[in-house]
Amino acid sequence: MTASGLPPRPDWVRTVNDGRVDPLVEDAVAPFRRDTLLDQARVQTGLADFGADDFLEPLDLLIADLEAHARLTRVGRWQTHRYLLRLLRQRLLVAEYVKRDPGVRDERIEEPLFVVGAPRTGTSILHALLAQDPAHRVPEGWELLLPVPPPSPDPEVFAADPRIAVADAELRVFDRVSGALDAIHVYGARLPKECLSAQSFAFRSQEFPARYHVPNYTAWLLGCDMGPAYEYHKTVLQILQRGFPRGRRWVLKSPAHLHTLPDLLRTYPDARIAVTHRDPITVLGSVSSLIATLRWVHSDDVDFAAIGTYHEDLYTGDLDRLVDFDASGQSTAIVHGQYADFLRAPLDTVRAIYEGLGMTLAPAAEERMRTYLAGRPKDKHGVHSYSFDDLGLDRARADARFDRYRTHFAVPRATQ
């Protein structure tokens with residue numbers, strides 16, 4: 001580990017960033033310009049229609065911040081060019097697909113189940129467990145990165161889709177560049193993927209602040225109308241569902257839904273919601289470590305204290321709004337679970353979710369979940385070391401800010 005607590009760079013990354021070899025010359029030094037990116041995406045796809053133009057304002061804010069504030073390395077710039085172009089190419093492909101098959105808009109996304117909670121509260125493992133139920137459909141990484149054309153409902157054809165390798169190369173580069181991300185969160189094309197990746201096509205997504213220091217974009221994002229992001233998210237699900245037999249429930253996940261539950265329910269009024277809870281003091285240390293590592297993939301300049309302060313402010317507001325939301329009774333299709341209970345008895349927690357939402361957990365599905373847990377030992381990919389004290393925050397002040405949340409949901413205090 002370096003003095004900052006971040007891992008040392010792999011040799012190949014240091015070599016490229018130092019300019020000793022330049023296989024990435026053009027994208028590593030080229031400025032981010034909206035018209036250039038749009039034209040490149042058009043040329044690469046042979047298409048011209050990006051759909052509604054409400055993505056242009058956030059795209060402009062994002063690329064301005066990438067230039068002014070993100071302090072990208074050469075590898076970071078190269079990755080970011082490829083990332084933005086993928087998003088723009090997919091917008092073109094989605095718009096073209098919907099024009100050619102307008103019936104996709106009639107696909108019904110019925111009673112989707114959203115796993116929601118602050119980051120590092122067990123949402124990922126719960127999402128993965130729910131994916132073991134054959135009655136559920138959980139979007140895989142490659143599906144949310146490259147949704148057009150729809151995947152095949154034939155399991156063998158689905159598993160052999162050439163997009164899997166393409167998406168896996170993009171997702172695995174995070175650990176290759178950071179040298180340590182797998183110990184915190186594993187990314188892969190065949191793993192369950194968060195809703196953020198579908199919302200990123202609308203350029204209204206917490207995926208961007210997770211990867212980059214983009215303060216102006218982030219401030220805009222936290223106050224913007226997220227309706228277009230959820231509508232695009234729904235379109236992606238409709239495309240992925242095309243041609244599949246009816247009856248499987250989508251199970252979806254993102255901590256970012258905490259900030260936008262009313263927008264989620266406007267788009268999915270029959271949604272079911274499972275919320276996970278953990279002491280925010282522990283959450284802050286863990287999520288800030290994750291975000292610092294993701295930004296380390298793209299930049300040599302990562303400010304732990306600023307990341308910690310941002311998350312303290314963000315989750316103070318989000319968790320207070322969750323208290324208000326719960327107290328208002330806006331949604332009766334919601335269940336709550338404690339991270340501590342999940343660690344102690346994960347299948348009991350899953351059973352409680354099914355029971356609370358009026359769902360049936362078949363014995364075969366429960367057995368698949370048990371098998372999954374047995375094959376996933378703790379710290380399989382390494383130990384994730386983090387501490388609240390690394391953030392330089394005032395513990396007493398932060399602790400007090402979360403009292404209302406902890407009291408309302410009876411969240412146990414962290415022991416350290």
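Which residues of β3 point one way and which the other way, and are they buried or exposed? Select β3, residues 249-253. Arg249, Val251 and Lys253 point one way from β3, Trp250 and Leu252 point the other way, and all are buried. Buried here means under 20% relative accessible area, exposed means over 50%, and partly exposed lies in between, with a 1.4 Å probe and protein chains only.

The model is a predicted one, in which local features need pLDDT of at least 70 and side-chain atom pairs count only at pLDDT 80 or more, while totals for chains, interfaces and linings use all residues. Residues are numbered from 1 along each chain as its sequence is written, and side-chain values use heavy atoms, with hydrogens and water left out.

**Whole protein**

The secondary structure comes to 21 helices and 5 strands. Helices (H or I, at least four residues) and strands (E, at least two) are DSSP runs, numbered from the N terminus. Of the 416 residues, 56% count as buried. Among contacts with a separation of 6 or more, 79% are between residues 24 or more positions apart; a contact means heavy atoms within 4.5 Å.

**The sheet**

Select the strands next. They form an open sheet of 5 strands in the order β2-β3-β1-β4-β5, with parallel pairing. β2 (136-137) and β5 (334-338) stand at the edges, each with a single partner strand, so one side of each has no neighbour in the sheet. Two strands pair if DSSP finds at least two bridges between them. In general, strands of a sheet pair through backbone hydrogen bonds, either parallel or antiparallel.

Walk across the sheet from β2:

- β2 and β3 pair in the parallel sense over 2 bridges; select His136, which stands opposite Arg249 in β3.
- β1 and β3 pair in the parallel sense over 3 bridges, and Leu113 has Val251 of β3 as its bridge partner.
- β1 and β4 are parallel, with 5 bridges; the bridge partner of Gly117 in β4 is Thr276.
- β4 (residues 272-277) and β5 run parallel and are joined by 5 bridges. Ile273 has Ile334 as its bridge partner in β5, and Thr276 has Gly337.

Now colour the strands by burial. In β3, 5 of 5 residues are buried. In β4, 6 of the 6 residues are buried, so this strand is largely enclosed by the rest of the structure. Arg272, Ala274 and Thr276 point one way from β4, and Ile273, Val275 and His277 point the other way.

Select α13, residues 227-241. This helix lies across β1 (113-117), β2 and β3, running at about 140° to β3. The axes are lines fitted to C-alpha atoms, for helices over the stretch in contact, and angles run from 0 to 180 degrees between N-to-C directions.

Then select α6, residues 123-130, where 7 of the 8 residues are buried. The buried residues are Thr123, Ile125, Leu126, His127, Ala128, Leu129 and Leu130. Keep Leu126 displayed for the next stop.

**The largest cavity**

How many cavities of 30 Å³ or more does a search of the whole structure find? The search finds 2. A cavity is a set of points, on a 1 Å grid over the protein atoms alone, where a 1.4 Å probe fits but cannot get out; lining residues have an atom within 4 Å of a point. Grid points are joined across faces, edges and corners, and a volume is the space filled by probe spheres set on the points.

The largest cavity holds about 90 Å³ of space. Its lining has 14 residues, of which Leu126, Thr276, Gly337, Phe342 and Thr349 lie nearest the centre. β4, β5, α17 (339-344) and α18 (346-356) each supply at least two lining residues. β5 gives the most, with 4 residues.

**Cysteines**

Finally, select Cys195 and Cys224. Cys195 is buried, with a relative accessible area of 2%, and Cys224 also counts as buried, at 16%. With a disulfide taken as a pair of cysteine sulfur atoms within 2.5 Å, the count comes to 0 disulfides.

Note on methods: On a 1 Å grid over the protein atoms alone, a cavity is a set of points where a 1.4 Å probe fits but cannot get out, and a pocket is an open set with protein on both sides within 12 Å along at least five of seven lines; lining residues have an atom within 4 Å of a point.
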